[in-house]
Amino acid sequence: MSDCIFCKIAAGEIPATVVYEDDLVIAFEDANPQVPVHTLLIPKQHYANISDDVPPELLGHLFSKVGEIARLKGVDKTGFRIVANTGEDGRQTVHHLHIHVLGGLRLPISMGPAD
Ligand code: AMP
Ligand code: ZN
């Protein structure tokens, strides 16, 4: 996807602070962190979201790296949360599948009121 910002990050065409990378996935720091640890983990290949017929092997590989990202960011022992905002109601703003890895503080329980 030529106009996809995360495809461009995966291709090294726009800068990002890379935390982890292999042939299939890349993790980088969120440009607008909401919590002290806010890292995004994406497949290098473009899929709009988790409902976009992502091959199970790729999904497995992607999720298998969550623990490693947490270790690299130092939150594996303290705990963290993963989030994959999906579609309109899920408030997805970048339409390239990504997993938020959130931590570095005790996260709130509530999702807050709908608006
Ligand atoms: P979502 O709302 O789940 O689609 O999240 C998209 C996330 O991508 C947001 O947290 C943004 O701050 C983040 N983001 C957008 N552009 C960039 C970028 N160029 N580099 C790093 N993170 C970005
Ligand atoms: Zn993309």
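Predicted model: local features only at pLDDT ≥ 70, side-chain atom pairs only at ≥ 80, totals over all residues.
Start at the zinc ion (ligand 2): its four donor atoms subtend angles of 105 to 116°, so the arrangement is tetrahedral. Residues are numbered from 1 along each chain as written, chains are lettered from A and ligands numbered from 1 in written order, and side-chain values use heavy atoms, without hydrogens and water.

Now select the donors. They are Cys4 (SG), Cys7 (SG), His46 (ND1) and His96 (ND1), at 2.0 to 2.3 Å from the zinc ion. A donor is an N, O or S atom within 2.8 Å of the metal (3.2 Å for Na, K and Ca); water is not among the atoms, so sites may look incomplete. Along the sequence, the spacing reads C-x2-C-x38-H-x49-H.

Click Cys4. It is buried, at 6% relative accessible area. Cys7 is buried too, at 14%. Buried means under 20% relative accessible area, exposed over 50%, partly exposed in between (1.4 Å probe, protein chains only).

Next, select residues 25-29, strand S2. A strand is a DSSP run of E, at least two residues, numbered from the N terminus. Four of the five residues in S2 are buried.

Three residues separate S1 from S2 in a hairpin. Find Glu21 opposite Ile26.

Finish with strand S3, residues 37-43. S3 pairs with S2 over five bridges, also antiparallel. Look for Phe28 opposite Leu40.

Conventions. Pairing = 2+ DSSP bridges. Tetrahedral: all angles 85-135°; square planar, octahedral: opposite > 155°, others 65-115°.
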